[in-house]
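Trainee: Before we look at anything together, I would like to learn how to read a model of this kind feature by feature. Could we begin with one residue and then widen the view?

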Amino acid sequence: MDDRNIFITRYGEVALKGLNKPYFERVLVEGVRKATRQFGDVEVKRREGLVFVRAPKEAGTAKVAKEISKVFGVASVSPAVETESTLESIGEAAALYMQSRMEEGAATFKIESKRADKSFPVKSPDISRIIGAKVLDGCQGLKVDVHKPDCLLFVDVRKGKSYIYEHKIQGFGGLPLGTNGKGLVLLSGGIDSPVAAFMMAKRGMLIEAVHFHSYPYTSERAQQKAVELASILSAYCGRFLMHMVNLLPVQEQIALNCPEEEMTVLVRRFMMRIAEDIAKKSQCTMLITGESLGQVASQTAEALVVTDASVSMPVMRPLIALDKVDIIDKAREIGTYETSIQPYEDCCTVFLPKHPVTKPKLEKILLSESKLDAESLARCAVMSRETVSIGQG
């Protein structure tokens, strides 16, 4: 007898993939295996449009369910009880379940049934009625409440085995990690860029990261903050590389040779140029930033156009139309917010102009850049980068 806990794992968008569905399912199953292998003897199988996970009881139901729910592509997960697909077996299992819930204080219940096996001789409404009666027989004092029950118990009747569960723990949905290419995120120590990385990974994209700093103008603790943010992301995105680039030599040359008000845009163009070079070396097909339209001087429509003109690679901006409050809510949800608001400076605060240009003209920016050896500065920055591996596995 298998005495492991069982979890029913559902997926949403993956089910709509037509002829490519088996591929997405295989990647999803592998993602769930990776997320749960820390628990030892875990079995992950897909069957009848679901993924079934069996994990040792000592791993803990809540902990295993939480790890499964983090896997992109998972819509929801339910700790379940498995039983034979007979009314007698289902009724006994449901009564035992409700006895344990009564010990926790439940006084009322309701049964909702789904007959996935259409050859099962009893229809869903009748299954609910019959199982409900068996529960009442086995649980003295328990009552039915079809409107606001203390326990809403689901019965899923399938071929060979049926399942009883109460909770549907929501996952993030999206697409399985690794089904949509690879991108390089410009990861600062702020609130926005970790959320941008999360959102692109949720669409199935593998990520790498580049972090710009201005040591010694910025502290080593600021760099460590970025590493901590990357580590939080790795719980969702898996293990990835992060490239640490000192931008100070570039900033110093811009400050010496270019108009002060253009500093922000010029620095941003160099960051994009350097990131593109690293991305190509890492076989990434696009850049990812946390920019939101109009949020700061470098994120006006005009500034974004000038910034994008510095690279040929596509730039993904998943936060472009989000309000700051929405971004903060998502940061809190994924666990990066508290780290992001730690008061350590980043490279964008160095040589910050008092009145940055908000509607830059590309021809003027190119004229300013002509005073610099841009190619050499970018190449030196790329060559001097330090690369660290983030996450486990």
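Trainee: Is Glu48 buried, exposed or partly exposed?

Mentor: Buried means under 20% relative accessible area, exposed means over 50%, and partly exposed lies in between, with a 1.4 Å probe and protein chains only. Glu48 has a relative accessible area of 39%, so it is partly exposed. Please keep in mind that this is a predicted model, in which local features need pLDDT of at least 70, side-chain atom pairs count only at pLDDT 80 or more, and totals for chains, interfaces and linings use all residues. Residues are numbered from 1 along each chain as its sequence is written, and side-chain values use heavy atoms, with hydrogens and water left out.

Trainee: Where does Glu48 lie, and what is the value of its phi?

Mentor: Most residues other than glycine have a negative phi, and most peptide bonds are trans. Glu48, in the loop between β2 (43-47) and β3 (50-55), has a positive phi near 55°. Gln283, in the loop between α8 (263-281) and β13 (286-288), has a positive phi as well, near 60°, and at 69% relative accessibility Gln283 counts as exposed. As for peptide bonds, the one from Tyr215 to Pro216 is cis, with omega near 10°, and Pro216 lies in the loop between β11 and α6.

Trainee: How many helices and strands are there in the protein?

Mentor: Helices (H or I, at least four residues) and strands (E, at least two) are DSSP runs, numbered from the N terminus. By that count the protein has 13 helices and 15 strands. Its radius of gyration is 27 Å, well over the 21 Å that the globule rule gives for 393 residues, so the protein is more spread out than a compact globule. That radius is taken over C-alpha atoms, and the rule is 2.2 Å times the number of residues to the power 0.38. Along the principal axes, the C-alpha atoms fill a box of roughly 85 × 40 × 35 Å, and 50% of the 393 residues count as buried.

Trainee: Which elements are included in what covers the buried residues of α6?

Mentor: Contact means heavy atoms within 4.5 Å. The cover includes α5 (192-202), β11 (206-213), β12 (240-246), α10 (324-334), α11 (337-340) and β15 (386-390), while the buried residues of α6 include Ala222, Val227, Leu229 and Leu233. Within α10 lies Ile328, which is buried at a relative accessible area of 19% and touches Ile191 and Tyr337, not counting residues up to four places away in sequence.

Trainee: Is Leu287 buried or exposed, and what is it in contact with?

Mentor: Leu287, which lies in strand β13, counts as buried at 0% relative accessibility. Leaving aside neighbours within four places in sequence, the contacts of Leu287 include Leu184, Leu186, Met272, Val311 and Met313.
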